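Please read these points with the structure open beside you. They go residue by residue before turning to the fold and the pairing of chains.

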Number of protein chains: 2
Amino acid sequence: MTTGYEWVVDAGGCRAEALASREALESLFASLIEALDLHPAAPAVWREFPGTGGMTGVVLLSESHLTIHTWPEHGFLALNLYCCSPRPAWDFEGELRSRFGAAGVRVRSLERSLP
Amino acid sequence: MTTGYEWVVDAGGCRAEALASREALESLFASLIEALDLHPAAPAVWREFPGTGGMTGVVLLSESHLTIHTWPEHGFLALNLYCCSPRPAWDFEGELRSRFGAAGVRVRSLERSLP
């Protein structure tokens, strides 16, 4: 039995100012949510971390969850999307390159299932 | 450069009533947070899904995030803990067996790092 898939996405070489921009991160989430027909079940929670401007956002979805963490000082972002029902592929690499200037993107896809 | 580790934990054969119990899930989170010295940066968000009693909980941490999703009808739970700084091992298997009656537990540990 499968209870969905999780995309675990790490991107490096990103522009620091984009990683510290809540607007850029909210726009990424909005595009993902629309493209994959996801349904937030509660308002997103966002926090900015003092000093570095790093951001964290988490959204509880009817389909499971969507999270992001950014480290402007390292040009790094880490995104998770767990979907308990099938979804088409999304172009994480292309989107993160164009939105954040990512130089490298690693996308891992994990099946979540009864062990 | 490493920006931490994520534990991706799937457990099957769990007791349905425990998976539908917000109290049991909050107790699990509290124990994990205390044992691993984690720091919630916002209140946890919880939702119960109508019909099955399945629960979802997400916590934004200073160290990244902690999430859980349960499917009482399948005896299944899926937990994620992403920690951007090192933490000792936690006995996910033993804890999920004793708290939820899990018959099988799969723990995957992923490094999150610059690609």
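1. A:Ser64 sits in strand β4 of chain A, residues 64-71. Its backbone deserves a look: phi is positive, about 135 degrees, although A:Ser64 is not a glycine. Is A:Ser64 buried or exposed? It is buried, since 26 other C-beta atoms lie within 10 Å and 20 or more are needed for that label. Keep in mind that this is a predicted model.

2. A:Asp37 also has a positive phi without being a glycine, here about 55 degrees. The setting is a loop, the one between α2 and β2 (45-48) of chain A. A:Asp37 is exposed, with 11 other C-beta atoms within 10 Å. The cut-off for exposed is 12 or fewer.

3. A:Ala30 belongs to helix α2 of chain A, which covers residues 22-35. A:Ala30 counts as exposed because 11 other C-beta atoms lie within 10 Å, and exposed stands for 12 or fewer. From A:Ala30 to A:Cys84 is 54 residues in sequence. In space, their C-alpha atoms are 19 Å apart.

4. Turn to chain B. B:Asn80 is part of strand β5. B:Asn80 has 25 C-beta neighbours inside 10 Å, so it counts as buried. Which residues does B:Asn80 touch, not counting residues up to four places away in sequence? They are A:Asn80, B:Glu6, B:Val8 and B:Thr67. Note that A:Asn80, one of these, is in chain A. B:Asp37 lies 43 residues from B:Asn80 along the chain, with 16 Å between the C-alpha atoms.

5. B:Glu48 is in strand β2 of chain B. Setting aside neighbours within four places in sequence, B:Glu48 contacts B:Gly53 and B:Met55. B:Glu48 and B:Thr70 are 22 residues apart in sequence, and their C-alpha atoms are 9.5 Å apart in space.

6. Next, the core. Nonpolar side chains tend to be buried together in soluble globular proteins. The largest nonpolar core here has 64 residues. Which of them touch the most other members? A:Leu77 and B:Leu77 do. Not counting residues up to four places away in sequence, B:Leu77 touches B:Ala11, B:Cys14, B:Leu19, B:Ile68, B:His69, B:Thr70 and B:Phe100. B:Thr70, one of those contacts, is also the residue placed 9.5 Å from B:Glu48, C-alpha to C-alpha.

7. The fold of chain A has 3 helices and 6 strands. Their order from the N terminus is β-α-α-β-β-β-β-α-β. The radius of gyration of chain A is 14 Å, close to the 13 Å that the globule rule gives for 115 residues, so chain A is as compact as a globular protein of that length. Along the principal axes, its C-alpha atoms fill a box of roughly 45 × 30 × 25 Å. Of the 115 residues, 43% count as buried. Among contacts in chain A with a separation of 6 or more, 60% join residues 24 or more positions apart.

8. How do the two chains meet? The contact takes 31 residues from chain B and 31 residues from chain A. On the chain B side, the elements giving two or more residues are β1 (2-12), β2 (45-48), β3 (55-61), β4 (64-71), β5 (76-83) and β6 (104-113). The largest share, 6 residues, comes from β6(B). By class, this side has 16 nonpolar, 11 polar and 4 charged residues.

9. Chain B superposes on chain A by a rotation of 180 degrees with 0.0 Å of shift along the axis, at RMSD 0.0 Å. That is the relation of a two-fold axis. In chain B, the C-alpha nearest the axis belongs to B:Val58, at 3.8 Å. Both copies use the same surface: 100% of the contact residues of chain B recur in chain A.

10. Last, confidence. Chain A has a mean pLDDT of 95, and 99% of its residues reach 70 or more. The model scores ipTM 0.93 and pTM 0.95. Where pLDDT is low, the predicted coordinates should not be read in detail.

Note on methods. Residues are numbered from 1 along each chain as its sequence is written. Chains are lettered from A and ligands numbered from 1 in the order in which they are written. This is a predicted model: local features need pLDDT of at least 70, side-chain atom pairs count only at pLDDT 80 or more; totals for chains, interfaces and linings use all residues. Two residues are in contact if their C-beta atoms, placed from the backbone, lie within 7 Å. Helices (H or I, at least four residues) and strands (E, at least two) are DSSP runs, numbered from the N terminus. Ala, Val, Leu, Ile, Met, Phe, Trp, Tyr, Cys and Pro count as nonpolar, Asp, Glu, Lys and Arg as charged, and the others, Gly among them, as polar. The radius of gyration is taken over C-alpha atoms; the globule rule is 2.2 Å times the number of residues to the power 0.38. A nonpolar core is a set of buried Ala, Val, Leu, Ile, Met, Phe, Trp, Tyr and Cys residues joined through C-beta atoms within 7 Å. pLDDT is the predictor's confidence in each residue, from 0 to 100. Copies are superposed by least squares on the C-alpha atoms of residues with pLDDT of at least 70 in both.
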